[in-house]
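Visitor: Could you walk me through this one? I have the sequence and the model open, and I'm new to this.

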Amino acid sequence: MSHIGLGKIILLGEHAVVYGYPALAAALDRGVRIGAVPTPAGGTLRVDIPSWNVKLTAEDDHPLALALGAIADKLGIGRPPVTLVGEAQIPPGAGLGASAAFGVAIARALIDYRDRRAAAAGVVVAAPQLTEVIAAANASEELIHGRASGVDVALAATGGIGVFRKAGGLRPIHIPALRVIVGPSGAQRSTAAMVERVAEATTTAGADDPRLRELGSLADSGTRALLAKDFAGLGAAMDRAHALLGELGVSTPLLDGLCEAARRVGAFGAKLTGAGGGGAVIAIAPRDKEDAVLAAWRTAKVDGFVTKVGG
Ligand code: PMV
């Protein structure tokens with residue numbers, strides 16, 4: 001049996017969401033799958049994800065090993081002789097929420113292992129709770145990302161599309177499927193470093209910084225545009241959000257170039273998604289312009305794809 005955590009894209013509101021503003025975000029149709037098998041010779045808790053070249057024990061000095069240990073600790077299960085074998089459909093460090101997808105899939109697999117053992121010992125076990133999965137995965141996100149808002153984990157665990165706030169969690173919205181073009185730039189970066197960069201850029205006003213405030217109100221107006229099927233309005237909000245993220249220091253010439261290329265061939269709008277500094281860009285475009293966006297990115301050696309969110 002395998003357990004999934006989904007990747008995500010942030011349509012509007014990244015970074016501002018760390019300061020309490022809303023973010024419009026959606027789960028991808030792909031993520032990380034984890035299955036649990038006994039560790040040979042009864043060794044310790046391990047994780048093995050061949051597509052990420054990851055083969056670690058919970059004791060190793062590696063961010064994902066620390067994440068694994070944090071989840072096991074949060075669940076209070078020690079270091080059982082289990083190997084968590086994974087298959088990842090999204091690249092790590094690409095701004096697509098891979099670490100949260102990892103955390104959610106690991107948490108689900110360990111909860112399932114714990115509950116099966118308890119049931120085998122004759123204990124009556126309640127159905128797994130989403131809140132426990134989210135709390136365990138957030139323990140690892142805080143370790144990896146520092147000041148994580150929780151948006152990635154909420155989407156990785158719940159799926160769908162919605163407006164996330166640190167204070168209230170994810171409020172799902174219901175829309176027909178939206179096609180989003182995703183361009184992983186191939187440049188890796190650290191989310192924690194980008195969150196720190198925004199903290200430095202906003203030291204004077206903190207959460208009252210006008211750029212953060214505007215990013216939050218763009219998440220609201222963009223959500224209204226999406227609900228009204230006003231894709232030009234949503235695209236304009238995305239373009240403005242990208243410019244503001246650039247002012248906060250988290251865009252790069254590569255990301256700017258990919259967004260400009262998408263707009264030039266007819267996209268409604270384009271922006272970086274996630275922490276920035278590398279990672280991925282997203283664009284929305286009329287259906288007959290999607291291929292042109294993908295072709296424009298390919299000339300910059302970026303292999304994009306179209307994903308459907310919502311629906
Ligand atoms: O780096 P990503 O794609 O996981 O995105 C993180 C989103 C931020 O708003 C930058 C941080 C957060 O925890 O919300």
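Guide: One term to begin with: contact means heavy atoms within 4.5 Å. Also keep in mind that this is a predicted model.

Visitor: Okay. What covers the buried residues of α6?

Guide: The elements covering them include the strands β1 (2-12), β2 (23-38), β6 (161-165) and β8, along with the helices α5 (191-201) and α7 (231-247).

Visitor: And which residues of α6 are buried?

Guide: The buried ones are R211, L212, L215, G216, L218, A219, G222, T223, A225 and L226.

Visitor: How far apart are the end C-alpha atoms of α6?

Guide: They are 26 Å apart. Helix α6 covers residues 210-227, and 18 residues at 1.5 Å a residue should span 26 Å, so the two values agree.

Visitor: What's at the start of α6, and what follows the helix?

Guide: At the start, a side-chain oxygen of D209 comes within 2.8 Å of the backbone nitrogen of R211. After the helix comes K229, which has a positive phi near 55°.

Visitor: Switching to sheets. What's the strand order in the open sheet of four strands?

Guide: The order is β9-β10-β8-β11, and the pairing is antiparallel. At the edges are β9 (269-273) and β11 (305-309), each pairing on one side only. From one strand to the next, the twist averages 30°.

Visitor: What holds strands together in general?

Guide: Strands of a sheet pair through backbone hydrogen bonds, either parallel or antiparallel.

Visitor: How many bridges are there between β9 and β10?

Guide: Five, with β10 being residues 280-284. Within that pairing, L272 has V281 in β10 as its bridge partner. β8 and β11 also pair over five bridges, in the antiparallel sense, and L178 stands opposite V309 in β11.

Visitor: Which side chains of β11 are buried?

Guide: F305, T307 and V309, which point to one face.

Visitor: Which helix lies across β8, β10 and β11?

Guide: Helix α9 (residues 290-299) does, running at about 5° to β8 (178-184).

Visitor: New topic: S251. Where is it, and is it buried or exposed?

Guide: S251 is in the loop between α7 and α8 (253-264). S251 counts as buried because its relative accessibility is 15%, and the cut-off for buried is under 20%.

Visitor: What polar contacts does the S251 side chain make?

Guide: The side chain of S251 has a polar contact of 2.6 Å with that of D256, and another of 3.4 Å with that of H242. Leaving out residues up to four places away in sequence, S251 touches H242, L245, G246, D256 and L272.

Visitor: Last topic, the largest nonpolar core. Which residues touch the most other members?

Guide: L84 and L110, in a core of 106 residues. Helix α2 (residues 98-120) gives the largest share, 12 residues. In soluble globular proteins, nonpolar side chains tend to be buried together.

Visitor: What does L84 touch?

Guide: Not counting residues up to four places away in sequence, its contacts include I34, L45, V47, L68, I106 and L110.

Visitor: What stands opposite V47?

Guide: L56 in β4. Strands β3 (residues 46-49) and β4 (residues 54-57) run antiparallel and are joined by four bridges. They form a hairpin with four residues between them, and N53 in the turn has a positive phi of about 55°.

How values were computed:
Residues numbered from 1 in each chain as written. Predicted model: local features only at pLDDT ≥ 70, side-chain atom pairs only at ≥ 80, totals over all residues. Heavy atoms only, no water. Pairing = 2+ DSSP bridges. Helix = DSSP H or I, 4+ residues; strand = E, 2+ residues; numbered from the N terminus. Axes fitted to C-alpha atoms, helices over the stretch in contact; angles between N-to-C directions. Expected span 1.5 Å × (residues − 1). Buried < 20%, exposed > 50% of the residue type's maximum accessible area, 1.4 Å probe, protein only. Polar contact = N/O pair within 3.5 Å; in protein donor to acceptor, adjacent residues only side chain to side chain. Core = buried A, V, L, I, M, F, W, Y, C linked by side-chain atoms within 4.5 Å.
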